[in-house]
Structures are given as structure tokens and as C-alpha cells.
Amino acid sequence: MDRPMVSHSSSVTARNYRLLAIPAAILVLVTAIIPLVVLSTTVVRSSDIISIWQNSAVQKALVFSVWQALVSTIFTILIGLIATWYLTRYQFRGRQALIALITVSFVLPTVAVGASFIAVLPTWLHHSTFAIVVAHVFFNISIVVRTVGPRWNSIHEDLVNCAHTLGATSLQTWRYVILPLGKSAIYSSAALTFFMCFTSYGIITILGGPGLATLDIEIYRRAVQLGDLSGATVLAVAQMLFITIAFLIWSRSRSVELMTFRVSAVSQRRLAIVPKIFIGAVTIFFLAPLLALSIASFHSGQNWSLSGWKVLLGIQNQRGLELDIWQALQTSGKYALIASCIALPTGIAATYALTKNGSTNSRWSSLAILPLAISPVVVGLAILVTYDFAPFEFRSSWFLIPIVHASIAMPFVVRAALPVVQGIPAELRSAAATLGASPWKRFCLVEMPLLRPAITTGVAFSVAISLGEFGATSFLTRRESQTLPIIIADLFGKAGAIPRASGMAASLLLVIVTAIIVLSVDRKPRV
Amino acid sequence: MSLVIDNISFSYGDRNILRSFTLQVPTGSTTAVVGPSGSGKSTLLRIIAGLLTPTTGTIILNSQDISHVPTHLRSVGMVFQDNQLFPHLNVYDNVAFGLRMAKVDKRVIAERCQGLLDLVGLTEAAKQSVSTLSGGEAKRVALARALAPSPQVLLLDEPLTGLDNQLHDRLAQDLQRILHATSTTALLVTHLIPEAEVISDVIHHLVNQSQQEGVGQ
């Protein structure tokens with residue numbers, strides 16, 4: 001029986017553990033809950049609550065948000081599940097590299113992903129639903145691999161063999177054994193993918209166009225371009241409510257799987273020819289956009305050229321393109337550093353509060369996944385509106401951005417740390433205590449070393465998320481302190497071959513930095 | 001002869017696991033292959049089930065060469081060492097699995113499953129989750145499940161390993177009774193000679209990839 005051992009001391013410390021959730025609660029309160037409440041209560045004109053939905057642009061955005069998210073989710077799940085099966089059950093050359101590639105794709109800056117697909121797709125597909133769906137599949141397959149992978153990984157090979165000895169064909173084995181065993185993980189990844197696509201912003205900023213706007217784009221357009229803060233707020237709050245309610249209903253009916261960032265053991269079986277072709281195609285699908293991005297950064301129009309890089313690096317001047325890439329790099333770096341310094345301790349402390357001495361409080365840990373689904377655009381807008389009056393007039397303060405980044409990154413830290421913290425046996429702490437270690441010493445000498453993988457992963461993902469964050473930043477950014485993703489979006493908004501090449505170059509720069517950071521901690525998945 | 005294993009060899013890398021192994025299993029009887037761990041017993045069963053491909057040799061089941069027939073079409077039942085019950089299905093659905101794969105009529109499935117659950121003494125446990133079963137009960141479910149599609153031969157991989165002494169002896173006798181009652185052609189591999197003696201009619205010894213035949217009971 002896996003009954004947790006309950007001792008007198010653990011019931012006392014359980015309360016202390018709960019106190020560790022306070023920093024995380026403050027962070028969420030300040031960056032999400034207060035702004036959202038303020039937003040929904042201050043700027044809304046009551047007439048807009050009904051009338052905004054009669055606006056044809058809003059209706060179109062709503063319909064498009066839903067259907068592109070549905071199509072994207074279906075394809076992500078279909079391709080993702082097959083890829084997951086081969087990645088988790090078979091040994092083949094390049095397997096680890098492919099897992100790393102898929103991992104990196106999820107934390108790549110969304111605007112850079114958009115740029116990559118501009119680079120790889122023919123011009124007539126640039127601003128199309130097809131491009132958007134394909135980019136969403138690229139971006140979200142990682143969710144499926146990382147959620148369903150560990151589940152399928154744990155299926156004993158003989159369980160599959162057993163189904164075959166009972167007369168099940170491969171297809172029947174999939175239908176009656178493999179899919180049911182991954183069911184809850186599959187539902188989780190499908191729901192998360194849907195939410196991610198529904199609130200997609202960076203990718204659609206680059207790949208969208210007339211008639212291809214999501215609700216998030218419409219919110220931004222209303223708030224910033226039309227100055228209709230009331231209308232934008234109605235949309236933002238409605239979207240928030242929809243996602244939260246959908247999430248709560250869904251998480252009540254089934255246990256929410258937490259994304260884990262490692263895909264481990266495999267059998268020694270070799271891939272047959274058809275799966276090999278499939279895996280090859282998936283590899284090309286993940287590599288081609290990034291390769292095309294590199295090539296496009298060295299092109300100006302039809303010709304090879306260094307102009308894009310020269311303008312980006314300030315070596316060559318281009319009228320109408322006053323870029324300060326060094327400033328942007330500095331700003332991005334500074335924000336990333338601050339964000340991870342906030343997200344890491346807050347997230348680790350929250351993880352301890354969640355695990356409460358070893359046993360996870362599933363209701364709360366399922367909430368840890370919610371921030372992923374909430375649109376950063378809505379958060380950005382809410383903060384802009386909230387911190388606009390004395391004594392809280394922070395909207396033009398630079399420090400607001402890294403704090404928001406930290407609150408977006410924190411769930412990732414929790415997810416990386418949760419399995420690690422759960423894996424630390426309670427007896428280990430007890431053993432240290434019987435050897436005379438004080439609680440603080442127990443933490444420093446026993447738990448910290450064991451937490452190291454979670455800490456490095458947490459830092460890497462916080463930095464990567466901060467570097468690539470676009471939705472909230474696009475509302476809060478100042479002219480003199482732009483981040484790299486903002487500059488990329490600006491460049492793609494300008495006409496001409498050189499801004500485009502510079503945009504590609506900046507995207508490549510961001511992709512490389514992100515990939516190095518993530519791969520440096522994730523390059524050796526446990527085998 | 002129901003099952004004929006003819007000149008089977010199998011190697012893993014440089015290691016010879018089985019070398020020119022030959023064995024005949026008479027119809028309706030239980031044959032045991034006894035050998036120490038690492039002697040290739042489990043490999044032998046996996047080859048017969050089609051889960052491994054032998055380097056050389058043929059497998060003939062009821063006069064038909066099944067060497068190249070895929071596992072799901074072989075009509076070979078197998079009880080795995082650690083049972084491998086489907087964790088997402090209850091006891092009844094586990095037993096019914098093979099019949100459902102063969103698209104057998106629902107009423108026939110119900111009848112057959114009921115009969116088998118009665119036979120293994122788990123009539124009451126039909127709706128129970130397999131995670132709640134004891135070691136002995138789980139083994140009985142695995143046996144009933146393997147018998148349900150009426151395989152032409154049943155393979156048992158160390159069927160009583162991991163059970164405590166008392167349970168072990170009782171289940172060995174039950175197993176013998178059930179196999180006898182169903183006139184099942186069975187091939188059992190084990191490292192315990194007493195176990196083989198209770199369950200089987202014929203015993204083969206598998207030692208260092210060479211075989212000697214002895215007759216038990």
C-alpha cells in the first residue's frame with residue numbers, strides 16, 4: 001500500500017508548507033487577478049456588453065478563433081500522438097535530437113515561429129489559415145509529446161504483446177489498449193493545445209491578415225489602434241471567463257495531467273520503414289522552417305545579401321529603420337534575468353506548498369496549469385489599465401514587464417519542480433533530522449542538491465519564456481526599452497525587403513539564444 | 001502432435017540464447033520446459049508466440065507452419081510472468097478482450113466469460129478493478145483471459161513466480177485441474193522442478209542450450 005506515513009511533525013509542518021504559497025499568490029494577485037478585476041469594473045460602458053458582439057469584425061474574430069483552434073488541435077493531436085508513440089517506444093538514430101528539437105519548438109518566441117513559416121512557405125501561403133494551422137502544429141506538438149509521452153513510456157512492452165497474443169491487430173491494440181491508457185493525458189494535451197491556439201497572438205501577428213484575426217488580435221486592435229478600451233475589455237473579460245469556466249468544468253471531470261519535461265526509457269526495438277519515413281517527415285517539419293529562417297536572413301529580395309544583418313547590427317543605415325539591437329538585447333537580457341530571479345524562488349516555494357509533505361494537492365496543482373491558457377494580451381491590457389492612476393502609476397515603469405514575465409513563467413517552474421519535489425522521499429528528511437540536521441540544514445544539504453535539475457530547468461524555461469514573450473509585452477513596451485520580439489514584429493510590419501531580412505535575422509538570433517539556453521539544460525534526456 | 005518446435009535457434013548479438021532446439025508438445029497435454037534463469041525459456045515462448053523471430057527453425061501448430069504468421073493470427077494464448085492485465089479494464093473486460101478482438105457475439109462472450117470466471121473461482125470479482133486483485137487472483141484472471149479465445153496452444157511463462165508458498169501450491173494444483181478440465185494443449189516454462197511436476201505431464205530440461213528429456217509423473 002502506498003499510504004503516506006503521517007507523523008506528528010508532518011501535520012505541523014503542513015501548515016508551514018502552505019505559507020510558502022504566499023509569494024506566488026501575491027505575484028498572481030498583482031499581475032493577473034487585481035488587474036483583471038479592475039479592468040472589468042472600471043472602463044466598461046454597459047452598452048458595450050451587448051453591442052460589441054454585434055460588431056462584424058468581432059464576430060469574425062470569434063468564429064475564426066474557434067475554428068482555427070479546433071483544426072490546429074486536431075492536427076496537433078493526430079501528428080503528435082503518432083510521433084509520441086515512436087519517440088517513447090523505439091530506439092532510433094537522432095531520437096534524442098528530435099526530442100530536443102520538439103522541446104525547443106515549444107519555447108521558441110511565437111513571433112520567431114511566425115517568421116520561420118514566412119521563410120519556409122511560398123508567398124501565396126504567407127497570410128493564410130493553412131500557415132497559421134501549420135505553425136500551431138509546430139508550436140504545440142511538444143505539449144502532446146511531453147504530456148502523453150511519459151504515460152505511454154510506462155506501458156510495459158508485454159502489455160502490448162499480450163494484446164497481440166489475444167488476437168488484437170496493431171490497429172485494435174491502438175484502439176483498445178494504447179489510446180485508453182493515454183486517455184487522460186491525451187484529453188489534457190488536447191485541451192491545452194486548444195487554449196493555446198485559441199489565444200494565439202504572436203504567430204497570428206506575423207501570419208494572420210485580413211479576415212484572419214483572432215479575438216486577441218481584435219482586443220489589441222480595439223485597445224491600441226481604435227482606442228476603444230471599453231469594447232476591448234468586454235472581449236478580454238469574456239474570453240477570460242470562457243477559458244476559466246471551460247477549464248474548471250474540464251478539470252473537474254478528469255484529473256489534469258501536468259506537463260513534464262522529460263521523455264525517458266525506450267525499448268530496443270527498431271523502427272520499420274513506414275515509421276522511419278514518418279519520423280523523417282516530422283524531423284524535416286521541425287527543421288525546415290528554422291533552416292529557411294537562416295537562409296532568409298541572408299537574402300534581400302531574390303539575392304543573397306548581408307543587408308538584413310548589417311541593418312540589424314547597426315553597421316548599415318537604412319532610412320526609416322532606426323534599430324538599436326544592442327539596446328534590445330540588453331533590455332531582453334535584463335528582463336529575462338529579473339523574471340527568472342522572481343519566478344524561480346516563487347515557483348519552487350509554491351511547489352512545496354502544493355506537494356505538502358509529499359502528497360500533491362491535485363485540485364491546486366491542476367490550477368497551476370491555468371495561467372498557460374490565459375491570454376497574455378488580456379493580462380497586458382489589464383495591467384495597462386490598472387496601474388494608470390496614483391499612487392499605482394506604474395504603467396510606464398520598466399519593472400512591470402519582467403514581473404509580468406515572471407508570473408507567466410512561474411507555472412513552468414512549478415511543472416518542472418513538481419515531479420522532482422514529489423520524488424524526494426519524506427524518509428530522507430526524517431533521516432537527516434535524526435542525524436541532527438535542522439530544517440534549514442535539511443533544505444540546504446539534502447533537498448537543494450536533489451532539486452538541482454528542477455532549478456536548472458526552471459531557470460532555463462523562465463529565461464526562454466521572458467525572452468520570447470510578446471502578448472503582454474506588446475502592451476507594456478516603451479519606445480526606449482523594446483525587447484527583441486517587439487522589434488521583430490515591428491520589422492515584419494514594415495514594407496520592403498530589407499526590414500524583412502532584418503526581421504528574419506532578429507528572429508534567428510532569438511531562436512539561437514533560446515535554443516542554446518533550453519538545450520543546455522535539456523540536452524541529456526534520461527534514457 | 002499439436003505443437004512442433006523444429007530446430008529453433010536464436011541469438012541476441014553474439015550471444016546464443018537457443019541452439020537447434022527441438023520439442024514436441026502432444027495434443028491436450030501439458031509439457032514443461034525446466035531450466036535455470038538465462039537458459040532461454042522465456043525466449044522460447046516468445047518465439048512460439050511470434051513476439052521474437054528465430055534465427056533458424058520452424059514452428060508447426062496443428063500441422064500448419066506458423067513461423068511467419070503474425071502474433072495476432074497465431075491462435076497462441078500466453079500467460080505472462082507478471083500477468084500484464086490491462087489496467088484500464090475490469091476483470092470481466094480483461095477476460096472478454098480476446099473474444100471482442102475476434103468480434104464474437106456479445107451473448108457468447110458473456111457466457112464464455114462467466115464460465116471461465118466460475119472455473120478460476122472469481123465469479124464474484126467480475127466487475128472489480130484489476131488493481132484491487134491479490135497476486136493469486138490476478139494470475140487466475142490472466143489465465144482465464146488467455147483461455148477465453150480457445151487458443152490452440154497455451155504458453156505459461158513462470159506462472160507461479162512471486163506467490164507465497166501456500167498460495168503457490170494451491171494455485172499449482174488449480175492450474176493442473178483447469179488445464180485438464182479444458183483439455184488445453186499447454187507449454188509451461190519454469191525454473192522449479194516441483195512446480196513442473198505438479199502441473200505438467202511431460203518435463204524437458206533445458207540446460208546450457210542443450211536439452212535432455214526426462215519424463216515426469
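**Notes on a two-chain model**

1. Let's begin with one pair of residues: V4(B) sits opposite Q24(B), which belongs to β2(B). Keep in mind as you look that this is a predicted model.

2. Now widen the view to the strands around that pair. In chain B, strand β1 (residues 3–12) pairs with β2(B) in the antiparallel sense, over 7 bridges. Both strands are part of an open sheet of 4 strands in chain B, with the order β2-β1-β4-β5 and antiparallel pairing. At the edges of this sheet you will find β2 (15–25) and β5 (64–65) of chain B, each pairing on one side only.

3. Chain A is built from 25 helices and 2 strands. Of its 527 residues, 49% are buried.

4. Which residues have the most contacts inside the largest nonpolar core? They are L381(A), V413(A) and I488(A), and the core has 223 residues.

5. Finally, see where the chains meet. Chain B brings 17 residues to the contact and chain A brings 15 residues. On the side of chain B that touches chain A, β6 (76–79) and α2 (91–101) of chain B each supply at least two residues. That side of chain B has 10 nonpolar, 6 polar and 1 charged residues.

Key:
Residues are numbered from 1 along each chain as its sequence is written. Chains are lettered from A and ligands numbered from 1 in the order in which they are written. This is a predicted model: local features need pLDDT of at least 70, side-chain atom pairs count only at pLDDT 80 or more; totals for chains, interfaces and linings use all residues. Two residues are in contact if their C-beta atoms, placed from the backbone, lie within 7 Å. Ala, Val, Leu, Ile, Met, Phe, Trp, Tyr, Cys and Pro count as nonpolar, Asp, Glu, Lys and Arg as charged, and the others, Gly among them, as polar. A nonpolar core is a set of buried Ala, Val, Leu, Ile, Met, Phe, Trp, Tyr and Cys residues joined through C-beta atoms within 7 Å. A residue is buried if 20 or more other C-beta atoms lie within 10 Å of its own, exposed if 12 or fewer, and partly exposed in between; C-beta atoms are placed from the backbone. Two strands pair if DSSP finds at least two bridges between them.
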